[in-house]
Amino acid sequence: MPPKTRITKDMIVNAAVEIAKQRGYESINARTVSERLHCSTQPVMYHFTTIDALKRAAYARVEHLHSAYMMTVLPEQDPVLGIGLNYIRFAVEEPQLFRFLFQSGYAKEHSLPEMIDSEELPPVLDAMQEGSGLSREKTRQVFLTVALFAHGYASIIANNGLEYDEKLVAAHLERAWNGAFLAATQEENEREETV
């Protein structure tokens, strides 16, 4: 008789992420995870005493996947536009995971200032600042404008309200970036003139 497969915490989180990806985060529970792993619910409840704890672990994994996806920008691409398009593409390719991240209530951040101060954002701001030459504060302001624009597009697409047309989305995103960048540059120049 072959030995029983040991069900690890990592296997459980992976199964929960796959369930969220296919059926939505609302479908994550001990029964669906155990069915996916071909085991009883006992290992699931051993590693996670509550389903909320399991969902939070799955959320953290999806958040990490999302960050890595966003930061995969081609060298010839403008980093800000590349990150913004990747943000929207993630919603197109993984609508259930996008909804899990941004419409489930599991985010650690509960306001825009908290989001901008989150641990995941510095690499994004670093790339933007390097590409724009703006101060960190102005980079944050530009990021906020572009992020709100990209999030609006992504949310509409993830909720089946809009067809994805990459050329059109890229053109709109570029306009948002150019407008925010121009405003930030003018504000920095005016500040320098008064100093």
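Predicted model: local features only at pLDDT ≥ 70, side-chain atom pairs only at ≥ 80, totals over all residues.
Among contacts between residues at least 6 apart in sequence, what percentage join residues at least 24 apart? In this protein the figure is 63%.

First, the overall layout. The protein has 10 helices and zero strands. Going along the sequence, the pattern is simply α-α-α-α-α-α-α-α-α-α. The C-alpha trace spans about 80 × 35 × 30 Å along its principal axes. There are 195 residues, and buried ones make up 39% of them.

I will start with helix α9. This helix covers residues 136-158, which is 23 residues. From the first C-alpha to the last, α9 reaches 31 Å, and that is close to the 33 Å expected at 1.5 Å a residue. Which residues of α9 are buried? They are K138, T139, V142, F143, V146, A147, A150, Y153, A154, S155, I157 and A158. As a reminder, an α-helix has 3.6 residues a turn, so residues three or four places apart point the same way. After the helix comes N160, with a positive phi near 60°.

Now the partner of α9, which is helix α5, residues 79-93. The two axes come within 8 Å and cross at roughly 20°. An angle under 35 degrees counts as roughly parallel, and α5 and α9 are therefore roughly parallel to each other. The crossing of α5 past α9 is right-handed. On the α5 side, the contact is made by V80, G84, Y87, I88, A91 and V92. On the α9 side, the residues are V146, A150, H151, Y153, A154, I157 and A158. By class, this contact has 11 nonpolar residues, two polar and no charged. Of the α9 residues in that contact, V146, A150, Y153, A154, I157 and A158 are also on the buried list.

From α5 the contact uses P79, V80 and I83. From α8 it uses V124, A127, M128 and G131. The residues of this contact divide into six nonpolar, one polar and no charged. V80 of α5 takes part here, and V80 is also in the contact with α9.

The next pair is helix α1, residues 9-23, with helix α6, residues 95-103. Their axes come within 6 Å and cross at roughly 110°. Angles of 65 to 115 degrees count as roughly perpendicular, so that is how α1 and α6 are arranged relative to each other. The contact involves V17, A20, K21, Q22 and R23 of α1, and Q96, L97 and F100 of α6. The division in this case is four nonpolar, two polar and two charged.

I will finish with some single residues.

H66 sits in helix α4, residues 51-70. Is H66 buried or exposed? Its relative accessible area is 5%, so H66 is buried. Leaving out residues up to four places away in sequence, H66 touches Y87, F90, L101 and F102. One of these, Y87, belongs to the α5 side of the contact with α9.

Another histidine, H38, lies in the loop between α2 (30-37) and α3 (42-47). H38 has a relative accessible area of 75% and is exposed. The phi of H38 is near 55°, a positive value in a residue other than glycine.

E114 is in helix α7, residues 112-116. With a relative accessible area of 37%, E114 is partly exposed. Apart from residues up to four places away in sequence, E114 touches K108 and E109.

Why does L134 count as buried? Because its relative accessibility is 6%, and buried means under 20%. Residues up to four places away in sequence aside, L134 touches Q129, T139, V142, F181, A184, T185 and E188. Two of these, T139 and V142, are among the buried residues of α9.

Conventions
Residues numbered from 1 in each chain as written. Heavy atoms only, no water. Helix = DSSP H or I, 4+ residues; strand = E, 2+ residues; numbered from the N terminus. Expected span 1.5 Å × (residues − 1). Buried < 20%, exposed > 50% of the residue type's maximum accessible area, 1.4 Å probe, protein only. Axes fitted to C-alpha atoms, helices over the stretch in contact; angles between N-to-C directions. Parallel < 35°, antiparallel > 145°, perpendicular 65-115°, else oblique. Left-handed = near helix turned anticlockwise from the far one by under 90°. Contact = heavy atoms within 4.5 Å. Nonpolar A, V, L, I, M, F, W, Y, C, P; charged D, E, K, R; others polar.
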